[in-house]
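Reader: I am new to protein models and would like to learn how to read one. Could we go through this one together?

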Amino acid sequence: MGMSVTISAADATKDAESILKLQYLCYQREAEIYQDWSIEPLTQSLDALRAELAEGRAFVARLGEEVVASVRGRLGEDGTVRIAKLIVHPRMQRHGIGGRLLDAIERHYAQEPAPAAKRFQLFTGHRSEGNLRLYRSKGYAQVSTRAVGPRLTLVTLEKAA
């Protein structure tokens, strides 16, 4: 009998180290695509990750006890929920886990008491086609681009809450 993947709120104390290790693994592909291993997800410290988790909300997907995916979000004063670092272990990709995590964080912020979320926003690199495909399939539309270096343009996508 196989185990099923469960989605739950992340525990900043218990899950931070697992999330950081997974983040490092998952962002290797992005670093390779853009030939830049100095990207923030690969240089973030455990303390910085813990602070980030404390400032917003995070969800994890577990296979048994193993954290196999994660996402973070933070509601700004303007009503924009900035969703960040949606990561899925390479062996677990293309099984709908990223979409389930995105749904979970959107649902959380849509149900928050005032101030209510007005929109969801996220970004990815212009060559991260799998990410762009997922976000578009979830109703996100491109609202801007910003070159951050010779090899990377960030694509910002949004959708109404």
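Predicted model: local features only at pLDDT ≥ 70, side-chain atom pairs only at ≥ 80, totals over all residues.

Reader: What span does helix H4 reach from its first C-alpha to its last?

Author: Helices are DSSP runs of H or I with at least four residues, strands are runs of E with at least two, and both are numbered from the N terminus. The expected span of a helix is 1.5 Å times one less than its number of residues. H4 covers residues 97-110, 14 residues, and reaches 20 Å, close to the 20 Å expected.

Reader: How many residues of H4 are buried?

Author: Buried means under 20% relative accessible area, exposed means over 50%, and partly exposed lies in between (1.4 Å probe, protein chains only). Ten of the 14 residues of H4 are buried, so the helix is largely enclosed by the rest of the structure. Among them are Gly98, Glu106 and His108.

Reader: Which residues of the largest nonpolar core touch the most other members?

Author: A nonpolar core is a set of buried Ala, Val, Leu, Ile, Met, Phe, Trp, Tyr and Cys residues joined through side-chain atoms within 4.5 Å. In the largest one, of 26 residues, the answer is Ile83, Ile97, Leu101 and Tyr140. H4 gives the most to this core, with six residues.

Reader: How do I read the packing of helices H1 and H3, and what is their angle?

Author: Two packed helices are described by the angle between their axes and the distance between the axes. Axes are lines fitted to C-alpha atoms, for helices over the stretch in contact (heavy atoms within 4.5 Å), and angles run from 0 to 180 degrees between N-to-C directions. H1 (residues 12-34) and H3 (residues 46-55) pack at about 120°, with axes 10 Å apart. The contact includes Ala16 and Leu20 of H1 and Leu49 and Leu53 of H3.

Reader: Where is Arg94 found, and is Arg94 buried or exposed?

Author: Arg94 sits in the loop between E4 and H4. Arg94 has a positive phi of about 70° although it is not a glycine, and at 73% relative accessibility Arg94 counts as exposed. Gln35 also has a positive phi, near 55°, and is partly exposed at 42%.

Conventions: Residues numbered from 1 in each chain as written. Heavy atoms only, no water.
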